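Here's a walk through one protein model, written for someone who likes cut-offs spelled out. Have a look at the sequence and the fold, then read on.

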Amino acid sequence: MTDNTSDADIPRLPDGRPMRQIRSFVRREGRMTERQKAAVEMLLPQWGRHISGGPVDLSQWFGNDNPVWLEIGFGMGMSLVEQASAHPELNFLGIEVHRPGVGSCLAHAQGAGVSNIRVFEEDAIEVLDKCLPNQCFERVQLFFPDPWPKARHHKRRIVQPLFAEQIRKKLRLGGVFHMATDWENYAEHMRDVMNAAPGYQNLSPTNDFVPRPTSRPLTKFEVRGHRLGHGVWDLMYQRTE
């Protein structure tokens with residue numbers, strides 16, 4: 001397998017220098033439980049990869065040619081494990097920068113007897129650029145990313161035009177990019193970015209938001225938010241070209 005990113009794909013300043021990447025996250029290691037530590041030590045060498053390992057052959061890594069769904073920023077991994085458990089006919093790749101979340105995901109997967117999960121403990125932007133081939137995913141999921149609510153931080157939001165194009169290249173034709181947020185302003189930002197992105201079709205008949213599909217697990221946090229009157233907005237876009 002070869003890396004599908006060329007120098008021409010890298011955003012550059014007018015003088016030709018590579019544009020400095022604005023990170024959409026702050027790396028907070030946090031405290032790990034003994035269970036999370038044990039899962040990382042035992043399972044990460046088998047189920048995990050790092051950018052330093054170079055491009056990945058997903059079929060070889062999973063041991064089959066099943067369709068692959070990607071979740072970016074899976075948090076503690078609950079929804080990823082729930083989906084993988086419910087759909088053994090699919091493969092699930094998760095990317096998360098925070099080690100306690102990676103440990104939690106691996107521990108829950110082991111406890112649930114789930115083996116169709118693989119993870120990267122890395123920045124998703126770099127993994128997409130350096131490790132994953134084009135047209136390799138049936139679905140990409142981005143659930144409740146950091147909303148960066150202050151106006152001066154909006155540039156840190158992960159959903160931007162360049163990111164939309166990066167995801168489009170990794171989706172197979174007909175594949176779907178599914179986003180969800182509980183911040184209305186960020187939902188509107190996502191909609192505006194994605195509606196303007198070439199090569200996508202909004203799956204909402206009103207060209208904005210869709211009801212929560214059953215494929216997205218309902219979290220305890222979300223249930224509590226509904227009780228308090230908080231909204232959640234789902235957006236789904238299909239790659240058309």
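## Around Asp208

Leaving out residues up to four places away in sequence, Asp208 touches Arg191, Asn202, Leu235 and Tyr237, where contact means heavy atoms within 4.5 Å. Before going further: this is a predicted model, local features need pLDDT of at least 70, side-chain atom pairs count only at pLDDT 80 or more, and totals for chains, interfaces and linings use all residues. Residues are numbered from 1 along each chain as its sequence is written, and side-chain values use heavy atoms, with hydrogens and water left out.

Asp208 sits in the loop between strand S7 (200-202) and helix H8 (220-227); helices (H or I, at least four residues) and strands (E, at least two) are DSSP runs, numbered from the N terminus. With a relative accessible area of 23%, Asp208 is partly exposed, since buried means under 20% relative accessible area, exposed over 50%, and partly exposed in between (1.4 Å probe, protein chains only). Asp208 and Met236 are 28 residues apart in sequence, and their C-alpha atoms are 9.0 Å apart in space.

## Two positive phi angles

Most residues other than glycine have a negative phi. Asn207 is not a glycine, yet its phi is positive, about 65°. Asn207 is in the loop between S7 and H8, and its 42% relative accessibility makes it partly exposed.

Gln135 is another case: not a glycine, with a positive phi of about 55°. Gln135 belongs to the loop between helix H5 (124-130) and strand S5 (137-143). At 46% relative accessibility, Gln135 also goes down as partly exposed.

## The nonpolar cores

What does the largest nonpolar core look like in numbers? It has 37 residues, and those with the most contacts inside it are Leu58, Ile72, Leu93, Leu132, Phe137 and Phe177. For the record, a nonpolar core is a set of buried Ala, Val, Leu, Ile, Met, Phe, Trp, Tyr and Cys residues joined through side-chain atoms within 4.5 Å. Apart from this core lies another one of 21 residues, including Met32, Leu80, Val81 and Leu106.

Take Leu93: setting aside neighbours within four places in sequence, Leu93 contacts Leu58, Trp61, Phe62, Val68, Trp69, Leu70, Glu71, Arg118, Val119, Phe120, Leu132 and Phe137.

## H3 against H4

Helix H3 (residues 78-86) packs on helix H4 (residues 99-111) at an angle of about 30°, and their axes are 9 Å apart. The axes are lines fitted to C-alpha atoms, for helices over the stretch in contact, and angles run from 0 to 180 degrees between N-to-C directions.

On the H3 side, Met78, Leu80 and Val81 make the contact; on the H4 side, Cys105, His108 and Ala109 do.

Ala112 is placed in the loop between H4 and strand S4 (117-120). Its relative accessible area of 45% makes Ala112 partly exposed. Ala112 and Ala84 are 28 residues apart along the chain, with 9.7 Å between their C-alpha atoms.

## Whole chain

How many helices and strands does the protein chain have? There are eight helices and eight strands. Of its 241 residues, 47% count as buried. Among contacts between residues at least 6 apart in sequence, 78% join residues at least 24 apart.
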